[in-house]
Amino acid sequence: MSFDTLAPHYRWLEKAMAGRVLQRARLAHLAVLDRAERILLVGEGPGRFLGALRARRPDVAVTVVDSSAGMLQRARRVDRGGPTEFVQADLRAWTPEPGAWDAIATHCVLDCFGPDSLAHVVATLARAAATEADWIVTDFAVPLQPGWRRLRARGAHALMYGSFRLVTGLEARQLTPPDDLLQSNGFGLQARRTFNHGLLQADHWHRQVI
């Protein structure tokens with residue numbers, strides 16, 4: 001799968017489809033990263049979260065990993081000259097330095113993978129995290145309670161996954177929640193916020209020293 005085709009258009013597409021709500025979800029737990037010394041941003045896209053992070057913490061060490069060269073090129077433009085490493089890599093094949101980052105952010109990337117790949121990606125990123133680490137996750141979601149919100153989310157997901165598979169070759173055909181995988185890798189849910197009637201979900205997970 002490749003997001004290079006979308007890279008030149010991603011910002012206006014996001015604005016047209018989600019307005020400001022997706023950025024609000026990304027930034028819901030930004031303050032958690034105030035205590036981090038090395039931050040890993042995975043699937044960062046054109047850099048909207050990176051720009052906000054740099055405005056808040058201009059000198060923190062950041063590694064940005066994305067499979068799309070086009071997205072990385074755009075993320076570099078908003079980096080504000082911080083100490084940032086940009087890595088082009090497919091998460092399914094990437095081997096990061098173990099225990100190197102004390103905070104991870106994955107915004108609308110884990111929901112791109114099918115169940116088997118997702119298990120591998122979460123395990124890989126968990127190994128990249130320090131023994132005690134924070135992980136903030138923004139993804140699309142399906143409300144658990146039956147009703148119009150759940151039906152609306154299922155319809156929106158069917159449209160989004162179908163469109164993105166056509167344009168990018170997206171692996172996933174439907175949402176696979178990462179909660180069980182995060183828990184099995186030692187992370188516990190600290191806070192969860194929902195947006196747009198449950199269509200979006202912003203989580204803060206933490207792994208504690210045992």
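**Strands and core**

Author: Keep in mind that this is a predicted model.

Reader: Okay! How many bridges join β1 to β4?
Author: There are 4 bridges between β1 and β4, and the two strands run parallel.

Reader: And how do β4 and β5 pair?
Author: They pair in the parallel sense too, over 6 bridges. For example, A103 stands opposite D134 in β5.

Reader: Which hand does the unit made by β4, α5 and β5 have?
Author: Those three elements make a right-handed β-α-β unit.

Reader: Is β4 mostly covered or mostly open?
Author: Mostly covered: 7 of its 7 residues are buried.

Reader: New topic! Which residues touch the most other members of the largest nonpolar core?
Author: Those are L40, L91, W94, L110, L125, W135 and F187, out of 27 residues in that core. At least two residues come from each of β1 (38-42), β4 (101-107), α5 (115-128) and β5 (129-140).

Reader: Which element gives the most to this core?
Author: That's α5, with 6 residues.

Reader: What does W135 touch, leaving out residues up to four places away in sequence?
Author: Its contacts include I104, L110, V122, L125 and F187, and also D203, H204 and W205.

Reader: What about a second core, which residues does it include?
Author: The second, separate core has 18 residues, among them L33, L53, A103 and A105.

How values were computed. Residues numbered from 1 in each chain as written. Predicted model: local features only at pLDDT ≥ 70, side-chain atom pairs only at ≥ 80, totals over all residues. Heavy atoms only, no water. Core = buried A, V, L, I, M, F, W, Y, C linked by side-chain atoms within 4.5 Å. Buried < 20%, exposed > 50% of the residue type's maximum accessible area, 1.4 Å probe, protein only. Contact = heavy atoms within 4.5 Å. Pairing = 2+ DSSP bridges. Right-handed = clockwise from strand over helix to strand, strands pointing away.
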